[in-house]
Amino acid sequence: QVQLVESGGGLVQAGGSLRLSCAASGLTFSRYDMAWFRQAPGKEREFVLSIHWAGRSKVSADSVKGRFTISRDNAKNTVFLQMNSLKPEDTAVYYCAAGLNSEYTQRYDYWGQGTQVTVSS
């Protein structure tokens, strides 16, 4: 049974930082591209960042370029999202996903349950 478990969310002031983690089990993690998506209340789920299975390429949404970075540790079956210079508009539930390196949700086979990030102004 595949499980993706996000952690590290919480409440932070604008300008602050958070680091999210997503621990994977039940799949060959090193063969999957990984991504982070987010969904704010009343909005569709949107792409944030993705990383190739070997870490060779990364794709970033324009809204987070220069502020968020994605990384992975294949030995620990974990993908990370480092978020700096957070803004209130970054408030959302953040999801990790495993699949093909893409900005589209349909390309991902497995999803975590999400972790809430709230940025206060």
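**Rings, charges and core**

Visitor: Let's start with Tyr108: is Tyr108 buried or exposed, and at what relative accessible area?
Guide: This is a predicted model, where local features need pLDDT of at least 70, side-chain atom pairs count only at pLDDT 80 or more, and totals for chains, interfaces and linings use all residues. Residues are numbered from 1 along each chain as its sequence is written, and side-chain values use heavy atoms, with hydrogens and water left out. Buried means under 20% relative accessible area, exposed over 50%, and partly exposed in between (1.4 Å probe, protein chains only). Tyr108 is buried, with a relative accessible area of 5%.

Visitor: How many aromatic pairs does a search of the whole structure find?
Guide: Rings of Phe, Tyr and Trp (for Trp, the six-membered ring) pair if their centres lie within 6.5 Å; planes under 30 degrees apart are stacked, over 60 edge-to-face, and the rest tilted. With that rule, the number of aromatic pairs in the whole structure is five.

Visitor: Take Phe37 and Trp111: how many residues apart are they?
Guide: Their rings make a tilted pair, 5.0 Å centre to centre with 55° between the planes. Strands (E, at least two residues) and helices (H or I, at least four) are DSSP runs numbered from the N terminus. Phe37 is in strand E4 (residues 33–39) and Trp111 in strand E10 (residues 108–111), so this pair links distant parts of the chain, 74 residues apart.

Visitor: What kind of pair do the rings of Tyr108 and Trp111 make?
Guide: Their centres are 6.2 Å apart and their planes sit at 70°. That angle is why the pair is called edge-to-face.

Visitor: Which charged residue sits over the ring of Trp111?
Guide: A charge counts as over a ring if NZ of Lys or CZ of Arg is within 6 Å of the ring centre and within 35 degrees of the ring normal. Arg72 over the face of Phe29 is one case, at 4.5 Å from the ring centre. For Trp111, at 4.9 Å from the ring centre, the charged end belongs to Arg45.

Visitor: On to salt bridges: how far apart are the closest N and O atoms of Glu46 and Arg38?
Guide: A salt bridge here is a side-chain nitrogen of Lys or Arg within 4 Å of a carboxyl oxygen of Asp or Glu, and the structure holds four of them. Glu46 is partly exposed at 36%, while Arg38 is buried at 6%. Their closest N and O atoms are 2.6 Å apart.

Visitor: What parts does the Arg67 and Asp90 salt bridge tie together?
Guide: The two side chains meet at 2.7 Å, N to O, and both residues are buried. The pair is 23 residues apart in sequence, so the parts tied together are the loop between strand E6 (58–60) and strand E7 (68–73), and the loop between E8 and E9.

Visitor: Which residues do shared partners join into one network?
Guide: Arg38 also meets Asp90 in a salt bridge, at 2.9 Å, N to O. Arg38 lies in strand E4 and Asp90 in the loop between strand E8 (78–83) and strand E9 (92–99), so that bridge spans 52 residues in sequence. The joined residues are Arg38, Glu46, Arg67 and Asp90.

Visitor: What phi does Ser85 have?
Guide: Most residues other than glycine have a negative phi. Ser85, in the loop between E8 and E9, is partly exposed at 39%. Although Ser85 is not a glycine, its phi is positive, about 50°.
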